[in-house]
Amino acid sequence: MHWPHKDLLDVSQLSVEEIRHIFETARHFLEINRRPIKKVPTLKGKSVVLFFAEPSTRTRTSFDMAAKRLSADSFSLSKSGSSLLKGESLKDTALTLQAMNPDAIVVRHSFSGAAEFLAKNLRCTVINAGDGWHAHPTQALLDGFTLTQVWKSFEGKEVLILGDIAHSRVARSDVDLLTRLGARVRLCAPKTLLPYNVKKWPVTVFTDLDRACEGVDAVICLRLQLERQEAGLLPDLREYARRYGLGRKHLALAKDDVKIMHPGPMNRGIEISSELADGDQSLILDQVEAGVAVRMAILFIYLLREGR
Ligand code: CP
């Protein structure tokens with residue numbers, strides 16, 4: 001299909017048809033990733049810079065693996081190993097990387113809007129790997145893709161997103177993607193961890209977890225973003241875990257085949273019990289596997305689009 005986008009900044013840029021095209025392409029790569037030999041020559045000669053100015057295990061490793069499995073060369077740059085620590089600006093860092101002629105820069109940054117800023121200043125493709133509270137499009141795409149592996153359709157499905165919604169770029173991108181695919185989305189959090197403008201979101205909001213779990217088809221638990229929170233938003237972690245930690249008793253309120261998800265990293269015993277995280281209904285490691293396939297699909301589509 002014709003791909004009109006130079007950059008991937010958020011899922012809001014993508015039509016439902018384009019999201020489905022990414023899923024179809026990822027399905028193909030998921031199958032390749034399960035073969036004994038996983039490398040294909042598709043992106044031989046292309047180069048991808050992984051510029052992570054915030055910590056990451058899943059996103060960074062899976063983009064690296066995705067690039068290498070497609071035979072692209074990947075180069076990693078972290079904040080601690082870069083001249084950002086010597087005071088170099090984001091723009092100068094990006095222009096320096098651009099001068100080396102990469103085909104794509106995958107960027108994670110604590111500043112909401114960092115990926116858009118780079119996209120406006122650089123010729124190469126920019127892929128947002130998470131910017132501040134704003135967006136995490138590849139996480140939303142892999143969450144949606146993971147659910148397509150267990151559901152035929154999103155129509156009529158009820159998905160609960162639970163936890164620190166206010167500081168979560170995953171929640172923002174997930175709500176957009178899941179509602180446009182046809183799911184109904186519920187949010188559950190203490191009032192202090194709901195976004196100030198949540199009334200404008202296309203969701204139903206709960207502050208009581210038992211009520212929020214009634215009849216749901218999937219629960220996406222979120223990490224408490226303690227590094228982004230102001231003091232005083234939470235009474236204490238034990239109280240938070242008691243009221244908002246997902247545990248066995250909530251399964252009884254949800255649909256029998258409810259799916260349990262978490263983008264990671266998890267705070268076990270706070271956001272989710274280990275019993276659920278490791279249980280039969282958990283898709284958490286399926287999400288990680290899907291992450292490689294979806295990121296392969298994204299590199300494939302963006303780096304081989306017509307008119308580059
Ligand atoms: N879900 C996610 O973004 O995880 P990492 O921070 O480990 O990349």
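Where does Asn101 lie? Asn101 sits in the loop between α3 (90-98) and β3 (104-109). Helices (H or I, at least four residues) and strands (E, at least two) are DSSP runs, numbered from the N terminus.

This is a predicted model: local features need pLDDT of at least 70, side-chain atom pairs count only at pLDDT 80 or more, and totals for chains, interfaces and linings use all residues. Residues are numbered from 1 along each chain as its sequence is written, and side-chain values use heavy atoms, with hydrogens and water left out.

Start with the backbone. Asn101 is not a glycine, yet its phi is positive, near 60°. Ser71 also is not a glycine, and its phi is positive at about 70°. Ser71 belongs to the loop between α2 (58-69) and β2 (73-78). Asn101 is exposed, with a relative accessible area of 52%. Ser71 is buried, at 15%. Buried means under 20% relative accessible area, exposed over 50%, and partly exposed in between (1.4 Å probe, protein chains only).

Another loop runs between β9 (259-261) and α10 (274-277), and Pro265 is found there. The peptide bond from Gly264 to Pro265 is cis, with omega near -10°.

Now the helix packing. Residues of α2 including Phe63, Met65 and Ala66 meet residues of α11 including Val288, Val292 and Leu299. Contact means heavy atoms within 4.5 Å. The residues of this contact divide into 8 nonpolar, 3 polar and 3 charged. Ala, Val, Leu, Ile, Met, Phe, Trp, Tyr, Cys and Pro count as nonpolar, Asp, Glu, Lys and Arg as charged, and the others, Gly among them, as polar.
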